[in-house]
Amino acid sequence: MPVRYLLILLITLFGISSSSYSQTPDDLPPELVSKITGKKRYAEIMNEVDKYYRSNNYQTNPKLFSQYKKWNRWAWWAVRHLNEKGEVEPKTAEYFEEARKMKAITNANTTASPTSTGGTWTSVGPFSTAWGNAYGSRGIGRIDRLVFHPTNPNIILAGSPAGGVWRTNNGGTNWFSISSSVPNCGIAGIVFGNNDPSGNTIYILTGDLFGSYFLSNFNFNQNSAGVLVTYNGGFTWNKLGNSETALKNLIPFKLIQLRNNPNILIAVTNGGPYSTTDFGVTWNRIAGTRNDTYDIEQHPTNDAIVYYSTSNTVGKSTDFGQTFTEINSFTPATGSATRSQLAITPANPNEVYYLQCGGTNSIYKSTNSGDNFSRINTANLMAGQFSYNYAFAINPFNNNFMVAAGITLAASSNNGATFPNVTVAGVNLPGPVPNNYLHSDVHDLAYNPLNGLLYAGSDGGVSVSNDNGVNWTDISNGLQCTQYYHMDGFENVQNLYIGGTQDNGSNYTTNGGSMVYAGSGDGFAVDFVNTNNDFFFMVENNTVSRYRRSTNSLSQVSNTIPAANRTFFPDVICHPTNGNIAYIAYANTVWRTTDQGTSWTQVATISNNDGGAGFSRTYNGGFAVSAQVPDRIYAASANTVRISNNQGSNWTTISGNTGWPASFGTITDIATRSNNANEIWVTTTGNNGANRIIYSSNAGASWVNFTGSLPNVPVYSIFYTAEGDAYIGTELGVYFMDFTMNDWVPFYNGLPVIPVTDLFVNEAAGTIAASTMGRGIWLSDLYSDCGPFMFLSGLTQGANFYQSNGFIETKQEVPGSYGNQLRLRSPTKIIFKAGSPGFSIKAGAYMHAVIGNCGQGVFSKESNSNTVISKEEYLKLNRTQNFINADTAKKPNVLLTQ
């Protein structure tokens, strides 16, 4: 990693002081910072982290427990984004651009069901969640931003850190995505264009704002890839000016558009505020401003006044945000604060409120438009994870009412003099859910200025209050933004899935839509008892529990394992034929039960000589078992694969044998064939583009590289069927291969642009399910062989892949949107049919047509993806009766190869 990248990584991860970044989060212990400063490799950093939290007995300290869990979240993400030297090297903008060219959503109508060669993905959900076991905090997924339509109180937009932008037209009764064709990105800011009363103009600031500043890289799309804009309510999106370049790799926090000056937009980031004065064409850093700007607000009535905040300062502008002056009379506490929030209210336009998060958690107030401030709250507010989540808002009709939230919510009715806690974050069942239940970890609070209702965006979704935060109603129905780490299904049973999620524990469904909440915390590995699907094992943070669906009962089964061994995010797998036997892999130990979890025996101790990774799937690819040899286990750790033929009692290393690559990334998954235990697939993170998928037909005695022409992105998961078909989940969706092919082919039609973290093939039902990090669980039919011809028509949004053994004829309409892509392959001819309707592709979309055989790999000639050719050149190259209907003033991007 170049020195400049290392410096940026350490600064953004750990808040190390420099001339550019001055804040050190109070969440991160100084003695730990001193140990990781200067370290480059992921393994070196995480070894120090592990030693610190274990030596300080994190399991008995709630604050350290919370910190360490976030480190392990980061570890799960980080090992999937390492360079060849084992250093964390995030490529948010690069993956964003690669994803734009690779996939999206389609509404194309076809005859002869041709999309089975490319996938027919539809959402399983969750669309809603129901209460299940005895205690917890159920939710559907994290929401970080909420904004309101300028004239219609029922129209609201919600931003997710990994699931895009969601819209409701009925006050939250139902939500739907308006960004499914946009490559996966976090949403740090949303703005309804104030020069468009219809509300169809929307700006989004990409990146993950919260979940970033404790460890800026522990989440999944944290850095910004710029600002996107739609002028038609989300039907099409386009990059806004040079924002992608200006904001690249910065951590974004908020975006505003100035009232009555719609040409001015301002984004605040960890690298300071950036503004545009020409509707987004040109973005520049505002000179003379501070770094680490967290919030920005415009004066309610004086358009020229704008405020921004850092962790211990407020800046004020009187010239529409072009220059700022620091408030010299303002001296909040320094040193331990990690973030700040601003609040204004039309009820008292000249008042400005500043909440300093962390340290004293104090509120300061100005009554003269920010010229000076005084502290109005003398007691610390409730506990929060200040660099991860905190929110603050004031009633637009009465400034006496204000709310602040972290883990729970506190409300004041006397202008901040007192702030009693008013919500609960956990529910005891059976019994009614209390009216003051609000999902823990609130990220945004916003009063709707049209009706005064208070909305909260939290780790669980969206909730609304009509009494200033005392009582709450969950309104998350339809928000398909669940972040899954792992999932499982059950052969011969349709619509039965279980999954472990970030922030919202584990859940299961039997109806393909509503999930039943089964456990809290961060859910991780899950596995059905193979002989009885009424039972499954699941991970909650660092414990393993056994759940029974018929009674909604949960019993922790790992409590007999010594606490020192119970590290975060263990893997769990059940014996394929004996329902009494299951295995748990913690960081450096493997355990076996022969009595359904009542007792456990340690069957392996793994040393740290493979990078400190051990067996836990937090850092590697976990387990694989086969019903053909039921007592055999394959286990993967870091870049090592081991085999046991006696239920884990003895282990032999099989990586490093003939064909094993000399340079190999961190293992993310391992799979074997149910009817041939000698066949193994291993996938890796992709830090070496040439060696990311390898295969063995002889139980690891020798290996073959099957990476092919896959894009150079992480591979998260693999499933290998009894028929010999392999499906992989990557940063860019699902790909397929069987042994009649010489390469992988895309299998992502209909699937959102999202990392696919786990796969399950139900061979009896003929379906494949995929869990995603931000858009829930999706379902498709299985791959089928190419037909002799294909007819395509209708609206096609996002990027899609179609192939045929004969000709292809298309009358599709491809709108000109960032993320829309069409790929076609035929061995004979591709006919772009003229007429009304006829084929058309508009400026901003991308197309690649290939004369080639079905099933022969990924399109790999991307270097000329911006080539624009004329209709005559197009016809000449293809030598078929083709026609393209496009705006001649704005030609589409077209690439044809032969």
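Rings of Phe, Tyr and Trp (its six-membered ring) count as a pair if their centres lie within 6.5 Å; planes under 30 degrees apart are stacked, over 60 edge-to-face, and the rest tilted. By this rule the count comes to 48 aromatic pairs. The model is predicted: local features need pLDDT of at least 70, side-chain atom pairs count only at pLDDT 80 or more, and totals for chains, interfaces and linings use all residues. Residues are numbered from 1 along each chain as its sequence is written, and side-chain values use heavy atoms, with hydrogens and water left out.

**View A. Tyr-308 and Phe-324 form an edge-to-face aromatic pair.** The ring centres are 4.9 Å apart, with 65° between the planes. Tyr-308 lies in strand β18 (residues 306–309) and Phe-324 in the loop between β19 and β20, so the pair ties together parts that are 16 residues apart in sequence. Helices (H or I, at least four residues) and strands (E, at least two) are DSSP runs, numbered from the N terminus. Tyr-308 is buried, at 2% relative accessibility. Phe-324 is buried too, at 10%. Buried means under 20% relative accessible area, exposed over 50%, and partly exposed in between (1.4 Å probe, protein chains only).

**View B. Phe-747 and Tyr-783 form a tilted aromatic pair.** Centre to centre the rings are 6.2 Å apart, and the planes make 50°. Phe-747 sits in the loop between β56 (745–746) and β57, and Tyr-783 in the loop between β59 and β60 (789–795). The pair links distant parts of the chain, 36 residues apart. Phe-747 counts as buried at 0% relative accessibility. Tyr-783 is buried as well, with a relative accessible area of 11%.

**View C. Asp-319 sits in the loop between β19 (314–317) and β20 (325–326).** Asp-319 is partly exposed, at 28% relative accessibility. Its side chain makes a polar contact of 2.6 Å with the side chain of Thr-323. A polar contact is a pair of N or O atoms within 3.5 Å; within protein, one must be able to donate a hydrogen and the other to accept it, and residues adjacent in sequence count only if both atoms are side-chain atoms. The Asp-319 side chain also reaches the backbone nitrogen of Gln-322, at 3.2 Å. Ala-304 is 15 residues away along the chain, yet its C-alpha atom is 5.1 Å from that of Asp-319.

**View D. Gln-67 lies in helix α4 (residues 62–78).** Gln-67 is buried, at 4% relative accessibility. Its side chain makes a polar contact of 2.7 Å with the side chain of Tyr-53. Tyr-53 also belongs to a cluster linked by ring pairs, whose members include Tyr-52, Tyr-68, Trp-76 and Tyr-716.

**View E. The largest nonpolar core has 45 residues.** A nonpolar core is a set of buried Ala, Val, Leu, Ile, Met, Phe, Trp, Tyr and Cys residues joined through side-chain atoms within 4.5 Å. Trp-681, Tyr-727, Trp-744 and Tyr-783 touch the most other members. Among the elements that give two or more residues to this core are β33 (484–490), β53 (715–720) and β57 (756–762). A second, separate core of 44 residues includes Tyr-52, Trp-600, Tyr-716 and Met-773.
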